[in-house]
Structures are given as structure tokens and as C-alpha cells.
Amino acid sequence: MIVVIDYNVGNVKSVCNAFRYIGCEAKLSCEPKTVEEASGIVLPGVAAFGYAVNALGSLAELIKEVALGGTPLLGICVGYQMLFETSSEYGRHNGLGLVSGSVVTIPPGRVVPHMGWNLVELPEDMDLFAGLGSEKHFYFAHSFYAEVADGQARVAFTDYGFYLPAAVQKANIYGTQFHPEKSGNTGLKVLQNFYDICKR
Amino acid sequence: MLTKRIIPCLDVKDNRVVKGVHFLNLRDAGDPVELGARYSDTGADELVFLDITATIHFRKTIVELVEKVAENVFIPFTVGGGIQTVEQIDELLRSGAEKVSVNTAAVENPNLLAEAAQRFGNQCVVLAIDARRSKERPGKWQVCVKAGSEPTDIDVVEWAVKSEELGAGEILLTSMDADGTKAGYDNELNKAVTDAVNIPVIASGGAGILEHLYDAIVDGGADAVLMASITHFGNYTIKQMKGYLRDRGIPVNL
């Protein structure tokens with residue numbers, strides 16, 4: 001059972017709808033026992049980083065523990081950013097620290113938020129992108145991005161006048177800056193891949 | 001490279017999609033959920049649903065509509081119309097909307113933009129501006145509120161700049177003069193606003209032929225183009241629009 005973390009911030013429903021559409025009954029929950037028993041965890045997020053971290057509260061430690069125990073974890077957008085160590089969105093905040101790196105503002109000289117469909121180069125060795133070819137468009141909507149500083153993480157990039165990390169994978173920990181649940185059929189395939197990973 | 005977005009707009013009144021001229025003389029264009037799913041399937045980059053009946057009172061129907069759309073549409077969509085509080089924004093985001101647009105309420109209470117941005121992030125806060133050419137001040141535009149029915153003294157470009165400072169993450173800029181005319185976007189307006197802000201601007205009002213889309217992007221500097229009449233009534237498919245833009249060198253997701 002894939003569990004989508006329900007921590008009272010936006011967008012959780014869209015993720016569940018997308019999983020349901022591909023034939024996976026994902027459960028929306030914030031119950032510690034349900035999270036512990038999950039075959040995979042999705043940490044969604046439409047929120048400011050600080051608000052999201054506060055809303056997650058004590059669940060943060062549990063998610064971290066379960067992920068370090070080997071359960072596949074997929075962070076989306078702010079949920080992805082929370083995988084890192086720190087963020088500077090509206091003040092300084094600590095994330096889960098599962099992947100080394102920090103969340104910082106997109107450099108000046110371009111329109112911010114980075115909003116819309118951008119082409120992501122898909123590394124062959126990232127399970128999340130299996131069967132999708134070498135590049136695809138995904139939907140982004142964010143003003144901050146993660147500077148990945150983790151030698152063990154594989155990273156997929158998009159071009160926004162600089163190489164912007166669009167997705168990471170570190171062992172069983174996955175994250176996408178873009179919204180797979182809002183990226184049409186391409187995004188649904190990414191969620192299908194995560195579902196397959198959870199069934200292994 | 002980030003692509004330019006094609007965004008069909010669904011004006012919803014009493015659970016039907018409608019389209020008028022200069023915000024009046026509404027014509028029925030179908031069921032919002034069906035139309036939304038069809039656009040999602042045929043390559044639209046995003047959708048905008050505006051509840052044009054709701055400006056006076058926030059209605060439960062808008063939440064129910066968002067829930068139904070979200071079950072069937074896997075591209076981002078923005079919802080607007082009558083939204084006044086952070087709690088309402090929260091409810092709509094939780095129901096499946098990616099972004100929420102505010103118009104009248106932000107003019108009356110600009111702090112709403114700041115509150116929403118700090119809680120949800122500015123990427124989901126869209127400021128909708130209904131702009132009309134000013135008779136008193138040539139070369140300027142005035143902000144109109146309450147579904148365009150009430151002009152204010154506020155200058156559109158100044159309001160756009162202020163909204164960015166407050167926390168708007170995107171501007172949906174509708175020319176009331178051009179709306180529904182199919183005579184082309186008001187690209188002087190688009191250029192004035194896109195030159196003044198650093199957030200994405202969606203050009204709206206006036207699309208009639210494919211060249212208008214190109215002009216809004218190139219002459220108006222728009223990051224996205226919104227249209228209703230020319231797509232709801234079958235003049236052009238999304239694919240035709242994107243094919244045209246691609247052939248003229250505009251990056252699109254096709």
C-alpha cells in the first residue's frame with residue numbers, strides 16, 4: 001500500500017487521483033502505524049517550505065526513519081525540497097536531511113517562479129524514468145530549487161539558463177521538483193514507475 | 001528551455017462553460033469537466049476555470065467543480081472567481097487545484113497576496129487583472145473589479161509591480177477592450193506589464209487567429225497565452241496552435 005502523507009497542505013488529492021487513475025489505490029494518511037507499514041511513501045507539497053515543515057511536525061522523524069529502513073520514498077515539489085538539509089524560503093528552515101544539499105532561490109536574470117513545461121534530460125540509470133526515453137517535458141512551478149551536494153545521489157537536470165536539478169534518486173529515496181501528477185501521461189508513467197518500485 | 005504555454009480558459013456559470021464578448025452576451029460552450037478532460041487529452045499545457053457567477057459570494061459549487069475536474073485532469077489548473085480568504089484558497093488547493101487566482105479581493109485587501117504566498121508559496125498565487133484602457137490617461141490602463149463591472153483609479157502596471165512585491169507568483173492579464181473580439185491581444189498592455197515585472201504573465205483577451213498567439217509572445221512578451229472563443233467553438237485545435245508556434249521558432253511542448 002502506497003501512503004500519501006496527509007499533512008494539511010495543498011495538492012494531496014491530485015496525487016491520490018493520479019495514482020487511482022493508474023490503478024493504484026494510494027491511501028491518504030498521517031497515522032504513524034499506516035506510515036510504518038507502507039510499501040511506499042509519497043510526500044507531496046504545495047506550500048511554502050517553512051509552513052510545510054511545521055505542518056509535518058513529528059511525522060518528519062518517522063518518515064526519515066522509515067525511509068532509512070528501506071521503504072521507497074517519493075518527494076514531490078516542496079516534498080522533494082524537504083528531502084534536503086536546509087531551505088532559505090521565507091527564513092531559514094531545516095529539512096529531513098536525507099539528501100545532502102540546500103534549497104535556495106533561483107538566480108536572478110530569469111522569470112521567477114520557474115513555471116510551466118520544461119524539458120528534462122533523463123539519465124538511463126534512474127528507475128523513476130524507465131521507459132521514457134532520453135528527454136521529456138514536465139510541469140514545474142517553483143521559485144526555489146535544491147542545490148544537490150550529495151555524491152551518492154543521481155540527478156536529472158533541466159535547462160533554465162543554468163542546470164537546474166529536476167529530480168534526484170539516492171538508493172530508495174526519490175524526489176521530483178516537477179509535478180508528475182500534473183505532467184499528463186508522461187507524469188503518470190513516472191508514478192507508475194514508482195508504484196512498480198514499491199512492489200519489488 | 002521552458003516552453004510557452006497554451007491555456008484554454010473555461011468561464012463557468014451555473015455549471016456550464018460560457019463565453020461572451022467584452023464580458024457580456026454569454027454563449028454556452030459545454031460541460032466544464034468534459035471540456036477540461038478533452039483539453040487535457042489533446043495537449044493543453046494548463047487550464048483556467050473562472051467561476052464568473054461567484055464574485056459576490058464564494059460558492060460551494062466551485063469546490064465541487066474543482067474536485068470533479070481534478071479526478072479527470074492531470075495537467076495543472078487554476079481556479080478563480082469570488083475567492084476572498086486564505087481559507088478558501090486552502091480549500092481549493094486541497095480539492096485539487098494547482099493554483100488559485102484572486103482579483104477583486106486582492107484589490108480590496110492586498111495583504112491577501114502576502115498571506116497566501118507565505119502559506120502556500122507564491123507559485124500558486126495568481127493575480128488576475130481585468131484591464132481597461134483609460135480615457136482620462138492615454139497610454140495607461142485602469143484596473144477593473146467585480147467581474148469587470150467596476151473601474152477603479154488603480155493603474156494596471158503599478159498594481160502588477162506591487163502585486164509581485166506582495167507575493168503574486170503569476171499575473172493573468174485580461175484586456176477588457178479586446179476580450180472576445182478575436183481582433184488580437186492588447187500587446188501594448190502586455191508589453192507594459194511584462195517589462196515591469198519578473199513573474200510570468202499570461203496574456204488574455206482577443207485571440208482570433210494563430211498569428212495573435214505569436215504576437216502576444218513576441219511583441220507582448222507573454223509567457224503564456226490564454227484563449228476561449230477560438231478553441232471552444234472549434235476554430236483551432238491545441239495541436240494546430242502549437243504546431244504554428246513551433247514552426248515560427250517558439251518553444252512549445254508538442
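Chain A holds an open sheet of four strands, in the order 6-5-7-10, and its pairing is mixed. This is a predicted model: local features need pLDDT of at least 70, side-chain atom pairs count only at pLDDT 80 or more, and totals for chains, interfaces and linings use all residues. Residues are numbered from 1 along each chain as its sequence is written, while chains are lettered from A and ligands numbered from 1 in the order in which they are written. Two strands pair if DSSP finds at least two bridges between them. Helices (H or I, at least four residues) and strands (E, at least two) are DSSP runs, numbered from the N terminus.

The edges of this sheet are strand 6 (93-94) and strand 10 (144-148) of chain A, and each pairs on one side only. Start at strand 7 of chain A, residues 101-105. With strand 10 of chain A, strand 7 pairs in the antiparallel sense over five bridges. There, A:Gly101 has A:Val148 as its bridge partner, and A:Ser102 stands opposite A:Glu147. Strand 5 of chain A (residues 86-87) also pairs with strand 7, in the parallel sense and over two bridges. In that pairing A:Thr86 stands opposite A:Ser102.

Next comes helix 3 of chain A, residues 49-56. Its buried residues are A:Phe49, A:Tyr51, A:Ala52, A:Val53 and A:Leu56. A residue is buried if 20 or more other C-beta atoms lie within 10 Å of its own, exposed if 12 or fewer, and partly exposed in between, with C-beta atoms placed from the backbone. The cover over these residues includes strand 5, strand 6 and strand 7 of chain A, as well as helix 5 (111-120) of chain B. After the helix comes A:Gly57, with a positive phi near 50°.

Now the contact between the chains. It takes 35 residues from chain A and 31 residues from chain B. Two residues are in contact if their C-beta atoms, placed from the backbone, lie within 7 Å. On the side of chain A that touches chain B, helix 1 (12-21), strand 8 (114-121), strand 9 (135-142) and helix 6 (184-199) each supply at least two residues. The residues on that side divide into 19 nonpolar, twelve polar and four charged. Here Ala, Val, Leu, Ile, Met, Phe, Trp, Tyr, Cys and Pro count as nonpolar, Asp, Glu, Lys and Arg as charged, and the others, Gly among them, as polar.

Turn to chain B, which has ten helices and twelve strands. Of its 254 residues, 57% count as buried. Its C-alpha atoms fill a box of roughly 45 × 45 × 40 Å, taken along the principal axes. Among its contacts with a separation of 6 or more, 66% join residues 24 or more positions apart.
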